[in-house]
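Subject: Structure handover

Hi,

Here is the structure for you to look at. Please open it alongside this email.

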Amino acid sequence: TYVNIGYIYRDSGLLEEALTEYRQALRFRPNLAVAYYGIGEVLIMQGKPVEAVENINAAISYYPQYADAYNLRGEALERLGRIDEAAREYRSALKINADHAAAAKNLSRLGMN
């Protein structure tokens, strides 16, 4: 699938190619949360946290129980210096999945457990 190819490109550092694949997935399934998540992830890697938040918001709107997306939105907000909001997102991820290791680590790193 396009999303899986996007992950391969992302992991290989081919970020523009990854974006192309995620966007192609959205052409066929406009409400595919994981594709919006992938776009958000790549945009963070490219240093574009504002654009990342927009896509992560879409992912969450289509899949409100997407713990990884809340964690990723926290990471984007943290890069924007919005620490309290980031902590809230990490807590939201943990509320959905109490075992979400990345969210717990991020919250701990902020000293806001």
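Below are notes on one helix and on the aromatic pairs.

This is a predicted model: local features need pLDDT of at least 70, side-chain atom pairs count only at pLDDT 80 or more, and totals for chains, interfaces and linings use all residues. Residues are numbered from 1 along each chain as its sequence is written, and side-chain values use heavy atoms, leaving out hydrogens and water.

Helix α5 covers residues 67-79. Helices are DSSP runs (H or I, at least four residues), numbered from the N terminus. Of its 13 residues, 10 are buried (under 20% relative accessible area, 1.4 Å probe, protein chains only). Among them are Y70, L72, R73 and L77. The buried residues of α5 pack against α3 (33-45), α4 (49-62), α6 (83-96) and α7 (101-109); contact means heavy atoms within 4.5 Å. Just after α5, G81 takes a positive phi of about 80°.

Now the rings. Phe, Tyr and Trp (its six-membered ring) pair if their centres lie within 6.5 Å; planes under 30 degrees apart are stacked, over 60 edge-to-face, the rest tilted. There are five aromatic pairs by this rule. Y2 and F28 are stacked, because their centres are 5.6 Å apart and their planes at 5°. Y2 sits in α1 (residues 2-11) and F28 in α2 (residues 15-28), so the pair ties together parts 26 residues apart in sequence. F28 is exposed at 56% (the cut-off is over 50%). Y7 and Y22 are edge-to-face, at 5.9 Å and 70°. Y22 is buried, at 0%. Ring pairs also link Y37, Y63 and Y66 into a cluster.

Best wishes

Definitions and conventions
Helix = DSSP H or I, 4+ residues; strand = E, 2+ residues; numbered from the N terminus. Expected span 1.5 Å × (residues − 1).
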